[in-house]
Amino acid sequence: MSESRSPNPPNETAIDEVWSELTSDEHSALFRDLKATTLRRIDEHCKRQINAGEYDSAAKLSEIYSWFADEHLTEGSPLVQQIFRSDTVQRHDVEYGTDTLGRIVFDRVIETLEGDDELLYVYDRQRVRSRVAEMARYFALIRQRINEDTDFEFAPNLVKMVKLAIVDREQPIFEGDEAFSFASTLRAVNKELVGDVSPTTELEETVGTDWKRIVRETVRVFKEFLEDGLAAEFDSLAAFQKRALVKLYTQSVTDQNLDTELAHVITASTGGGKTEAFLFPILMYCHTAWSAGIDGTKAILTYPRRDLCDNQFERVFEYAHTINKLLDRETAAFEDAPISISIQHGNRTQIEVDCPECDGTLTPPERSGGNGHKDGALSCSRHDDHRFDWATTDRRASADIVIMTQNSLHLRLMDGHGRAAFWEQTYPPKFLALDEVHVYTEQAGMHVSNVSRRFKRTVREQSPGQAPTLVASSATIHNAEEFTERIFGADDANRIHPRDDETDTVGSEYILFVKATEPREVAIPIGDSVFQPQDEWDDLERTTASNLSCMIQVAFGFWHTARKERGGTRGTQSDKDKILGFVDSIDSVSRLGSFVEDAEQERELFQLRQPDAFLHGEGKNPDCPSERFRNGVDDQYDESAVCESLPPNKYLNECSVYEAGECWWTMDQNFELRPMQMAVQKSGRRQRPNEPVDPGTDWDQLIATSTLEVGFDNDSIIGTFQYRAPMSVPSFLQRKGRGGRDAEDRPVTVVVLGSTSTDSYYFHHSDYLSDPREEHLEIPLDEENQFVRAEHMIAAVFDYFNVRTGVDAQRIYQGSYGEYGPDIDELESQLDSQQSDLHNWLRQTFDVDEPEVERALSALDDYVDSLQQPVAPGVDETPYWRLFQEAVEEAGSSGSYRPLDELASQFGGER
């Protein structure tokens with residue numbers, strides 16, 4: 001072949017045919033890989049320089065090409081075999097040779113990356129720098145700018161050091177040999193039912209030997225749901241999702257004859273499909289139970305926060321509506337629907353769901369007078385006939401799937417709402433799911449573990465032959481099996497997760513660690529003082545260069561210099577242009593949001609860094625030497641400034657402003673030259689930083705506490721930031737996982753670390769966050785903490801009363817319906833009559849010895865005795881609780897209670 005190669009360079013036809021073959025739909029995966037691996041190589045070159053303190057980083061194209069040839073131009077490489085040896089290109093390979101064609105492909109790949117704004121040429125166009133490396137340069141040089149009157153040369157630097165980490169993005173494989181079709185997955189379910197397999201208690205008692213036919217009907221319906229009812233892009237299951245569906249569903253319908261209690265934990269990357277892994281088998285069981293005539297709640301899905309409950313309720317509603325409609329039951333009554341759902345938390349009546357039949361919004365019924373909403377079924381704001389009785393906020397409704405927080409479950413175990421929804425039915429809930437289980441650390445974890453034990457005990461009380469299916473899920477947890485056993489109090493745990501050969505690297509993500517300087521007071525000269533020696537400054541501005549100052553400058557610098565995309569690029573529907581920030585303090589959220597809002601909207605400080613030389617007369621950056629860079633350029637012919645095609649550099653195109661970091665050269669798109677819209681989220685409410693107006697999705701940067709750490713999925717988020725050291729490594733991983741939900745996204749996370757010892761530790765051990773070891777992902781849990789358990793043992797007493805006697809906690813502490821105040825006589829009576837059974841209940845619930853049970857019940861007896869004491873011995877023998885009850889009933893809203901006034905006067909005082 002070498003003897004016949006042409007000495008001439010390839011002609012235009014040859015170049016176009018090579019490129020057309022490579023960029024065809026058939027080879028789109030190969031083309032993506034070439035771009036991704038080349039960019040990663042450039043990133044690694046820049047990363048080494050940045051982490052060595054050389055922030056003006058660059059990669060030589062000659063060195064990158066040497067790597068490219070070794071990686072992609074070998075005889076057996078996909079580029080050579082699939083492209084150069086193809087029918088269209090092979091003749092050009094014969095004529096010009098692999099090296100020549102490889103150079104053409106390499107140059108075009110670099111040009112494509114530059115055109116896509118992934119990298120930029122620097123110096124003499126023989127070197128390149130990635131967009132993230134350019135951003136790192138801006139952050140390393142960032143200064144505190146106050147207004148246009150302050151000379152940047154006197155502005156204090158805010159950053160001591162910057163480090164860059166590049167992390168592979170791993171996702172479960174949803175296509176190819178490692179994925180599974182819906183049909184093959186459901187055949188695996190049927191296979192599990194072959195042979196001598198017995199049904200669960202509830203199926204045995206309701207349908208007997210007909211149970212396998214009902215299960216097969218569920219499989220048929222669910223096959224239709226999966227193939228026709230899901231979004232087009234959801235056309236297969238990852239291997240771990242298949243295992244979860246087969247395992248969880250078959251366990252729910254068959255008698256496992258387990259000698260030990262088995263829990264399950266599903267782990268996969270953020271956005272990897274964990275929810276569907278446990279939700280699909282739950283939906284299948286709901287259909288099976290409906291076909292068998294089994295009433296009552298089938299699954300309780302618990303989440304750590306209300307926002308996450310709302311988010312998941314919308315997802316479950318969509319699936320439930322699809323299945324109900326598939327069975328011509330989308331408008332069925334609550335009792336007749338194949339799948340009914342409810343949401344239960346303190347703000348449940350504020351839930352809003354998109355109407356599946358029109359562009360309206362589904363909400364619970366309005367209160368009279370339009371003063372908010374009350375409990376009830378969801379109906380549409382636009383069409384009265386779009387009403388879905390099977391979706392409700394009624395706490396007493398025994399919905400098939402109930403979505404709630406763990407605190408709500410804690411209350412439902414004790415109150416009449418829970419008794420009506422869960423325990424007055426023939427069969428208790430089958431599934432209990434703890435999603436985002438990694439957040440249950442410290443007291444939250446102790447609380448949830450005890451709620452789980454109380455739930456299991458109540459299920460056994462209701463149906464001794466029916467064991468609940470316990471499921472946990474998390475993206476960031478190491479000791480998954482052990483932690484799951486402990487939080488559920490189970491004997492064993494089964495982990496369901498993507499194995500090493502079932503995941504694929506889908507790109508890279510970046511983490512920039514910014515170490516702020518030490519806080520200090522700074523005097524900045526203004527006016528004529530800039531020309532005077534420091535000891536003669538008369539006109540100056542005093543400021544504090546603090547850690548928060550650094551975060552403020554980085555916050556708006558991040559948005560203005562981050563790479564963005566408009567919807568439609570590479571097939572995406574959403575714009576890629578939002579930043580989500582996290583701060584572990586409600587007060588800091590407010591302050592940071594207000595300061596960034598002021599910097600953006602009022603002072604418009606971003607304009608002081610605009611590359612005015614090639615913005616054709618913007619004139620916002622007072623320091624830009626635009627005349628020098630536009631010297632000899634004629635605007636009439638739309639000619640470019642000298643610095644427009646390449647950023648300035650100290651060798652060929654010197655600019656002191658750019659070298660000082662005061663020209664954000666990449667900020668050249670129109671949507672980056674406007675003030676960004678700010679929003680903050682705290683205590684479950686989203687608003688503008690300085691006014692209580694809900695912006696909805698109209699924001700460019702949203703600053704929040706941990707409330708948005710999990711379950712907040714917005715396809716437009718391309719970057720996240722963390723201010724100060726994170727609370728834990730798993731927490732940080734969840735936060736950065738909010739950005740870049742699409743497989744081809746390359747999200748950026750910025751961690752601004754201050755001057756505390758903890759912040760310094762994380763900066764110097766940044767690999768704990770970028771590449772954590774297993775011990776960093778362990779979740780601490782003190783599930784047997786006696787102080788927390790003692791509180792739950794008291795609560796468990798009321799669980800017992802609720803299911804055994806129908807006397808719930810609300811009656812004890814608030815009185816029967818129509819009455820006011822506590823009913824301590826009833827509590828005392830119940831404690832006396834149920835003493836022996838209460839001992840057994842507590843021992844079995846918490847697996848504790850008799851002395852600990854005795855201490856808990858004695859504490860409750862002491863509490864009752866204290867409330868039975870007379871309010872004023874020798875003067876008024878009315879028990880304290882009775883006086884309180886009567887006072888509440890008589891006083892009402894007036895607050896006036898005559899007996900209490902008379903009693904106070906006897907002691908010479910007033911209330």
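Me: Why is R563 called partly exposed?

Reply: First, the ground rules: this is a predicted model, where local features need pLDDT of at least 70, side-chain atom pairs count only at pLDDT 80 or more, and totals for chains, interfaces and linings use all residues. Residues are numbered from 1 along each chain as its sequence is written, and side-chain values use heavy atoms, with hydrogens and water left out. Now, R563 has a relative accessible area of 22%. Buried means under 20%, exposed means over 50%, and partly exposed is in between (1.4 Å probe, protein chains only). So R563 is partly exposed.

Me: And what makes E565 buried or exposed?

Reply: Its relative accessibility is 8%, so E565 counts as buried.

Me: How do you know that R563 forms a salt bridge with E565?

Reply: The closest N and O atoms of R563 and E565 are 3.1 Å apart. A salt bridge needs a side-chain nitrogen of Lys or Arg within 4 Å of a carboxyl oxygen of Asp or Glu, so the label holds. The structure holds 59 salt bridges.

Me: Why does the salt bridge of R789 with E852 tie together parts of the chain?

Reply: The closest N and O atoms of R789 and E852 are 2.8 Å apart. R789 lies in helix α25 (residues 786–804) and E852 in helix α29 (residues 850–868), so the pair ties together parts that are 63 residues apart in sequence. Helices here are DSSP runs (H or I, at least four residues), strands likewise (E, at least two), numbered from the N terminus. R789 is buried at 8% relative accessibility, and E852 is buried too, at 10%.

Me: What makes R40 and E44 a salt bridge?

Reply: Their side chains meet at 3.0 Å, N to O. Both lie in helix α2 (residues 28–51), four residues apart, about one turn of the helix.

Me: Why is the aromatic pair of F317 and F388 called edge-to-face?

Reply: A pair of aromatic rings is described by the distance of the centres and the angle of the planes. A search of the whole structure finds 29 aromatic pairs. For F317 and F388 the values are 5.7 Å centre to centre and 90° between the planes. Rings of Phe, Tyr and Trp (its six-membered ring) pair if their centres lie within 6.5 Å; planes under 30 degrees apart count as stacked, over 60 as edge-to-face and the rest as tilted. So F317 and F388 are edge-to-face. F317 is buried at 2% relative accessibility, as is F388 at 1%.

Me: What makes Y800 and F801 edge-to-face?

Reply: Their centres are 5.9 Å apart, with 65° between the planes. Y800 counts as buried at 0% relative accessibility, and F801 is buried with a relative accessible area of 0%.

Me: How do you know that the charged end of R457 sits over the ring of W841?

Reply: The charged end of R457 is 4.2 Å from the ring centre of W841. The rule asks for NZ of Lys or CZ of Arg within 6 Å of the ring centre and within 35 degrees of the ring normal. K163 likewise lies over the face of F763, at 5.1 Å from the ring centre.

Me: What joins strand β21 to β24?

Reply: Four bridges join β21 (residues 578–583) to β24, and they run parallel. Two strands pair if DSSP finds at least two bridges between them, so these two pair. The bridge partner of I579 in β24 is Q701.
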